[in-house]
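Subject: Structure handover

Hello,

Please find the structure below. My notes on it follow, beginning with a pairing in one of the sheets.

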Amino acid sequence: MASFEVIGGKPLHGEIVPQGAKNEALQILCAVLLTSEPVTISNVPDIRDVNKLIELLRDLGVKVGKLSSDSYLFQADNVNLAYLDTPEFIAQAGALRGSVMILGPMLARFGRCQLPKPGGDKIGRRPMDTHFLGLEKLGGKLTLEGKDFYRIKAENGLTGAYMMLDEASVTGTANIVMAAVLASGTTTVYNAACEPYLQQLCKMLVRMGAKINGIGSNLLTIEGVEQLGGTEHRMLPDMIEIGSFIGLAAMTGSEITIKDCQIAELGIIPDTFRKLGIKLEFRGDDIHIPAQEHYEIDTYLDGSILTISDHTWPGFTPDLLSIVLVVATQAKGTVLIHQKMFESRLFFVDKLIDMGAQVILCDPHRATVIGLNHQKRLHGITMSSPDIRAGVALLIAALSAEGRSVIENVEQIDRGYQHIDQRLVALGAQIRRL
């Protein structure tokens, strides 16, 4: 396993461009299975999870052409369904959480799909019930073999249906939408996810010939069509990277400009960081974070302690709570971090405590952070990255800390952040891959 050696305590300076959105990419790439015509996708992030999904699509028989460093041409005109029955497919799909999003397109276009229990971050329970309940309402027949292998078929095709989702799952909604666009009749999805990435998927499908109303809301109405055509699509910048860079600038007292952020698509992310006292300047679609010696956490109007919690869109994304928690350790004031959606995502705070942070882990979902106000710096330690987002949070902590830190298992970070060490070195960070 690779590691990062980090020498912290240096302010950074410069401009950085966020990668294409990972969470959008995993949906968009699977949507190419819905048509036999060419689909061109640009701003594709060069990260491990996305590259593994592209490899899976290629092995399924999808033609893949790389047009530039971040642009690809896909054509799924000769998909090899027999590959689903091979040990190689089971190993590939089982190692990648994003593989779950081939279910909807494969079922809609080819009438069957199968999948081992997908891998991914160990951040708590991530049940797939929403995916399968929705696909079953469209006419899919699910067979569960043991606890870890799913088969779903629709030998007579899919038929539109009304459904109210038990949770506003982004990937569950994406799977249902991709299946419904080729189903006969009308599908109504209530309590649908409405994240910008899901909106991007819907807009792409509309350009391919799908009929979807209610995009951007939690009520989607889909009129099925017989077939879809090709299109071109450009992905949004990754909002999680943007939030990570905001936190990095504040934590290290750095002056950083984040380029081409598509600010209108960031929701409450900028305002959430402002609640921590971080100054942000919008310059067109760029976000400039000036160097700050101190930043102070807001309180509620009655003076009580601020709570920052995650929620489905348009609430605050759970993927940034790890970053917020780390940044709060050097703020002035106290904040309660409430991770509602996953019960294992705060289990990296022991490493922050070892670095000198004042954090109380109240339970698996809540942590209270007492900020050090930069009066006492964190100190470097050796630690391991437990998941993608916690890994980058620990990297930010290490860059702000005195002395040398080693972060092991950085393959986790590589799954979600494109060449992060090289890009931060360009800003003046001292990071070496071991």
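Which residue in strand 20 does Gln358 stand opposite? Gln358 stands opposite Ile370. Before the rest, two remarks on how to read these notes. This is a predicted model, in which local features need pLDDT of at least 70 and side-chain atom pairs count only at pLDDT 80 or more, while totals for chains, interfaces and linings use all residues. Residues are numbered from 1 along each chain as its sequence is written, and side-chain values use heavy atoms, with hydrogens and water left out.

The sheet with strand 20

Helices (H or I, at least four residues) and strands (E, at least two) are DSSP runs, numbered from the N terminus. Two strands count as paired if DSSP finds at least two bridges between them. Strand 19 and strand 20 (residues 366-370) run antiparallel and are joined by five bridges. They belong to an open sheet of four strands with mixed pairing, in the order 17-18-20-19. Strand 17 (306-309) and strand 19 (358-363) are at the edges; each has a single partner strand, so one side of each has no neighbour in the sheet. On average, neighbouring strands of this sheet are turned by 20 degrees against each other, direction ignored. Axes here are lines fitted to C-alpha atoms, for helices over the stretch in contact, and angles run from 0 to 180 degrees between N-to-C directions. Helix 10 (residues 321-328) lies across strand 17, strand 18 (334-338) and strand 20, at about 160 degrees to strand 18.

Strands 3, 4 and 5

Strand 5 (residues 71-75) runs antiparallel to strand 3 (residues 39-42), and three bridges join the two. Val39 has Phe74 as its bridge partner in strand 5. Strand 4 (residues 63-68) is also antiparallel to strand 5, with five bridges. Here Lys66 is partnered by Tyr72 of strand 5. Strands 4 and 5 form a hairpin, with two residues between them.

Listed positions

An unreviewed UniProt entry lists Lys22 and Asn23 under "binding site". UniProt positions are given in the numbering used here, with shortened feature names, and annotations may be inferred rather than shown by experiment. Lys22 lies in helix 1 (residues 22-31), and Asn23 is found in helix 1. Are they buried or exposed? Buried means under 20% relative accessible area, exposed over 50%, and partly exposed in between (1.4 Å probe, protein chains only). Lys22 is buried because its relative accessibility is 7%, whereas Asn23, at 25%, is partly exposed. Contact means heavy atoms within 4.5 Å. Leaving aside neighbours within four places in sequence, Lys22 is in contact with residues including Asp49, Asp238 and Arg389. On the same terms, Asn23 is in contact with Tyr197, Asp319 and Arg389.

Nonpolar cores

A nonpolar core is a set of buried Ala, Val, Leu, Ile, Met, Phe, Trp, Tyr and Cys residues joined through side-chain atoms within 4.5 Å. In the largest one, of 80 residues, Ile278 and Leu424 touch the most other members. Helix 12 (residues 388-400) gives the most to this core, with 10 residues. Not counting residues up to four places away in sequence, Ile278 touches Ile246, Ala250, Phe273, Ile289, Gln292, Tyr295 and Val327. A second, separate core of 72 residues includes Leu34, Cys113, Leu115 and Ala183.

Regards
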